[in-house]
Structures are given as C-alpha cells and as structure tokens.
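Student: I would like to learn to read side-chain features, one at a time. Where do we start?

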Amino acid sequence: MSFFHGAHTKIEGDMNNIYAKNYHHHDGRSRNAVKELQDHIAAGAMHDSAERCDAPKCHPETRVAVQDELVGWIENGDKEENRKKIVWVTGPAGGGKTAIMGSTAETCQKKGLLACCFFFSSFAKSTNRRFKRCLVPTLAYQLAQHKALRDVRERILSCVEHDPAIFEKQVEVQFDQLLLQPLREGRRGSDWPKVIFIDGLDECQAEEYGDTPRSPQETARANEADQTEILHALLKATNDPSFPFRIIIASRPEPAIQSFFTDIADDTTRKIFLDDKYGPDADMLLFLNSKFKSIQLKYGLPASWPSDKVKQTLVENASGQFIYVAAAMRFIEESSAPPQELLDQVMALRRQDVSANPFAPLDALYTHILNSSPKPVLAARWLSFIFLTRALNTLGSNEKLSARFTQLFLESSPGEASHVFRGLNSLAFIPPPDDHTSPYSLFHKSLTDFLRDPSRCGGLYVKDDPYELYYTRYLQIWKSAFVFFYDCSAFHSSNYMIADKGPAMPLSALDKGDFLHRFLEMLCRTSRSWLLEQNLEMYDVAWWVRSQDESTKHSDCKDPDSHACQVQDLFCYVHLSVSRKIVFHYIPFTNSISSAIGIKDVALRAGTSERRCSRSYKSSVGRFQIGCTCCAIDSATCNAMRLVSRHLQ
C-alpha cells in the first residue's frame, strides 16, 4: 500500500518499490516511518494543497515589485555584502501578505528553488494549520519528497524510525533531529533547493498541554509563547553552517514578533514592509479592471462600465489595503441585486478620514455588508460566537464543527441561520444547505479584528461575552427533547417539534444521532457552569439518555461504543450535580456517588481499581433508586439511571 497521494507500487522479485514524487523506500520499516511521518503533517499547510485552492493569490501582473525582490534575494542573496538568511515580510491586515507568499512560493517551485513551506491559518478547516505541532513534521515531509534530497530523506526517515516520539518533543528539538542532523549528514548537491516559506506566523495559536480546559474560556498559554518558540528555532537553524536554506517569514507586525526581529534577530533579518514603495494602488487598479471585465461579460454591460473615476475612488478608499477592494468586489459580484445597484451602495459609503483610523474605509464596508443582513446585530453576535471562541470546536482536536451543527445549535426556528446570514457571502464561506460537513470559514481575519473593537464596529459590537450565548443555548437545548415517529422497517424517522423541543430543525435519525453525539461531547466543557450543575437533575435527563441509547442501536450508527460512553458520562455528571445537593446526614449515599463518578478518571486518581469502581458504579445505581425518595430526586432522573444500568451489566 502506498502512503503518498498518487503513489503506485511495483513488485519486482521480492522487492516492494514505492514511488511518490520520486520518493523510494524498500522495506517495511521505511514504510512504517513514512506512515508515521505522514500522520503528523498538516497537508493543508502546503502552498499547493487542495485546502488552499481558494487561498488568495496575486492577480497576474500585480505585486510584481515585491515578488521580484523576494525571488532576487533567494537567487542572489549570497552575493550581497551583508548576507542575511531571513526575510520578514510584514504589514497591516489586508495588505496582501498571504497572496504574495503563495504566488512567490509557486514561482520558486517552478524554478526549483522551493524546499518546503507552511501556511498557518487560524480559520482553516483543518486545525493542524493553527498550531505548531505539525510545523516541523510538515517541513520534513516535503524535504523527504524532494527529488534532489534523497540522501537527506533516508536520514529523516531513520530519525522517525528510531524515535517515534520525536513529534511530541519541543520545536527546537524537532528542528535539530528531523532537519538539521539529516542536513549535516547528507551530501549537498548543486541542485538543492534554496528557500523555506513560513506564512501567517501571527495566526499560530497556543498549544494546550495537560488536561483539556473544562471551560471554553480557559486558555492556559498565550499565542506569543508558541510563535516566539518557532522564531527561536528558525533563527538557530539559520545560524547552523549545515543549514543551506533561506527563510521567508510573513506575519502582521504583532508586538512579540516585531520585538524578536528588532531585538534578537536584527543582524540576520531583512525586513520588507508592504507600503507605498511597492505600488499597491497600481496593482489594485489592475485587479479591479479584471474583476469588472468579468462582470461586464456576465451581465452584458458596456466596456466603459464603470468609469475610471469610480475605479480610482475605490483604490483611494482602500488606502493600500487589498482586502478592501477584494471584499468590495465579492459584494458587487453577488447576485442579490444588479451589479450597478451594489456598486452604488459601495460608492455611497461616506468618505472616511484615514488619518485617525487607517481601517475606516474597510470598517465602513464591513458595517454596510453586515447591515444588509435582515438581522445585522444577531449576525454580528453569531459571527463573534463562531469565530472568536472555541466553543464549537470538536473535543480534543479543536477542529471546527460543521456549519450544519452550528445551525442546529444556534437556531430558534428552522431556517433562521440562512435568514440571518443572507447577504454575508462576501464576508465568509457559508456552506449550502445540502453540505453537512464543511464549517463556516472567514475570507479574511480582518473581520474578527473589526468585530472585537467597539470603536470600529459601533452598534454591531457584541457587549456580552460570546460564551454567554454558548451557555444560554446549551441550557435551552438541555431543557428540550424530540418526539419521534419511526418507520422501523426503513430505519429512518421523521420528527415533529413540540413545546420548543431540541434543535429547531427537523432531523433524520442519522442527523439526530450525529447531533446528540457532538452536543454531549460539549458536556464536559459546560460542566463548570454553575447553572448547569445546579439544574441538571431538573432537566429531562431520561430523554437524553434514551435518545443516546437509541442511537447506539440504529443501523447507520458509526460509533456505538462512543455513544455508549457518552451515556455513562451523562450518568456521571448527573451524579455530580445531584451529590452536591444531598443532605449531609446521607453520608454513605454521598460516598457511593463520589466513588462512582468518572470510573476511569476520578476514581482511579483516588486509588480505586477500575474493577472495584465498576462494582461501586453499579451499586450506586441501585442506591440512587432507593434513596431518591428521601433525597427528593425526580422520577425522570431515576429512569435515566435505570437506562444507564443496562450498559453496566
């Protein structure tokens, strides 16, 4: 079996040769090392990945000056009197840094100059692009595939084979063992590549260690800690004589990053600030001409539309920010109204004074687009919740949950999300109704900067903590339930809503099971909410347990064991909630509950064996049913406990 995309296998005698972009390995141990390495990469972070198919690229004939400067430095930097091995490309949000990096990386690949790259993104679909953990493995993987680095490749795989735990070590250690040592031992050739690209370093988020935070707000580490760790490792690499590559790093001028390049790496870094020196106005005009030409052809408009004055005004309003013209053109290209009408709306925005706020024109555009929603304040609140919190990330991986789940979580009535987000397709990717897997994603991070700052977004600013919406909706859904009518022969269901029960959208049995699974995964994060802990036993817990129980038996259930575990987890949290309210003199009952909650967590940490804990767990079910009368616990909770007991037999 090949572990590389597009690889093929050729059998020759007893030799198994696997080819993937000129990669060869000849034994089982090498194949295992390849698989181990591949399991730890972020494939979407490579410049030519499928995930980046819609990533910004420089429009033809734009940003030529800065791209030429970068390529010239890569090819001829060794001839400079003051040689520097790092270039830092920086500038304000919306200046086109990622587009420049992507286009320049593509040019370097065609010229044989590109060694490897990593494009960070805090809003990418794959979370591996948000954290440092996949950086070095992804760079090593690309080096291992490069046709000019066969000797280095064997040493990279040897490192993985001898130390599979290398991926859990510090970034600097990974750099040394996966990159520097193989490069030191490899035979350098004249055809070796020359450059590494690292884009969006400011979007690298803090990696969490130890226990997962119990609440979505808890963040133990600052993003700057991981960003500077990466910078120190890169600087150490460039100071190693055996490291042959130049490095181009692009980021916003965030304080920690700017301080590093100014105070620590100044002697080895060349800085490129994207300002008027690189002619952004002329490039934006080229971009606008191309976009308006496409609209002319689509709608049969004259070649003179719009006037040169209109285009020049748009360029002036952009104030050097490519994101302004890009967002404006996405808005005008929408089919919600004739293009001239949408253009008039953009042109009608009051001319902003950029001396006090350089983002004033962009803010006015964002405000106008958000106000095109039927419910602009709610749209801003939902966007803040989706993109400024980790509340809707999958447990453990921090991967964003699908837009479908987000809709079910937020909606108070069927179709509300489509209504609220109507007209906002120029700000974010909004999956179509039949797409049940893709998450919401932003076109540009500058929108979150806008939403965070009350001085910029004005009346659209969300004063309440976005997590309040999370807790409010979570508790609202907890109070609800479904009524289902099953067609047992077809293993499908149709459901009808009663008394504000469950998510507002009618669901199939399969969708219901998936929603329940994801929703109950969030329980451990919400458990620190005193509201939930105080009221959990008052909710219809029996319905939630019964629904999970039914999901495990459904023919389409993909992971019945996981559902069963969630039933037991639910039982534990109910016990936790109830035990805090039991009167003091029922000490034996309280102790049995305490020993029962969290069979593989709390009890084991307390020194109780899993076998003994399991018996105590079952015993507590019986005691709970016996003691419920004197403890005034409702019958629905007792029913839930009885359902749980079946899983423990």
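Student: Is Arg 129 buried or exposed?

Tutor: Check relative accessible area: under 20% is buried, over 50% exposed, in between partly exposed (1.4 Å probe, protein chains only). Arg 129 comes out at 7%, so it counts as buried. Note the ground rules: this is a predicted model, where local features need pLDDT of at least 70, side-chain atom pairs count only at pLDDT 80 or more, and totals for chains, interfaces and linings use all residues. Residues are numbered from 1 along each chain as its sequence is written, and side-chain values use heavy atoms, with hydrogens and water left out.

Student: Which residue forms a salt bridge with Arg 129?

Tutor: Look for a Lys or Arg side-chain nitrogen within 4 Å of a carboxyl oxygen of Asp or Glu. Here the partner is Glu 51, with the closest N and O atoms 3.0 Å apart. Glu 51 is partly exposed because its relative accessibility is 31%.

Student: How many salt bridges does a search of the whole structure find?

Tutor: It finds 20. Among them, Glu 75 and Lys 111 meet with N and O 3.6 Å apart. That pair joins helix α2 to helix α3 (residues 97-111), across 36 residues. Glu 75 is partly exposed at 34%, and Lys 111 is partly exposed at 48%. Another bridge joins Glu 154 and Arg 153, at 3.9 Å from N to O. Arg 153 is buried at 1%, whereas Glu 154 is partly exposed at 38%. Bridges can also form a network, as Lys 132, Asp 226 and Glu 229 do.

Student: Which buried residue has no salt bridge?

Tutor: Glu 411 is one such case. The nearest side chain of opposite charge to Glu 411 is then Arg 404, 6.7 Å away. Glu 411 lies in the loop between α15 (403-410) and α16 (416-420). Its side chain reaches the backbone nitrogen of Glu 416 at 3.3 Å.

Student: How many aromatic pairs does the structure hold?

Tutor: Pair Phe, Tyr and Trp rings (six-membered ring for Trp) if their centres lie within 6.5 Å; planes under 30 degrees apart are stacked, over 60 edge-to-face, the rest tilted. The structure holds 13 such pairs. Phe 385 and Phe 409 have ring centres 6.2 Å apart and planes at 10°, so they are stacked. Phe 385 is in helix α14 (residues 376-388) and Phe 409 in helix α15, 24 residues apart. Phe 385 is buried at 1%, and Phe 409 is buried at 0%. Phe 409 also stacks with Tyr 470, at 6.1 Å centre to centre and 25° between planes. Tyr 470 is in helix α19 (residues 466-478), so this pair ties together parts 61 residues apart in sequence.

Student: Which residues form one aromatic cluster?

Tutor: Phe 385, Phe 405, Phe 409 and Tyr 470.

Student: How many of the 12 residues of α11 are buried?

Tutor: The count is 10, so α11 is largely enclosed by the rest of the structure. Phe 322, Tyr 324 and Met 329 are among those buried.

Technical notes
Helix = DSSP H or I, 4+ residues; strand = E, 2+ residues; numbered from the N terminus. Lys, Arg positive; Asp, Glu negative; His and termini not counted. Polar contact = N/O pair within 3.5 Å; in protein donor to acceptor, adjacent residues only side chain to side chain.
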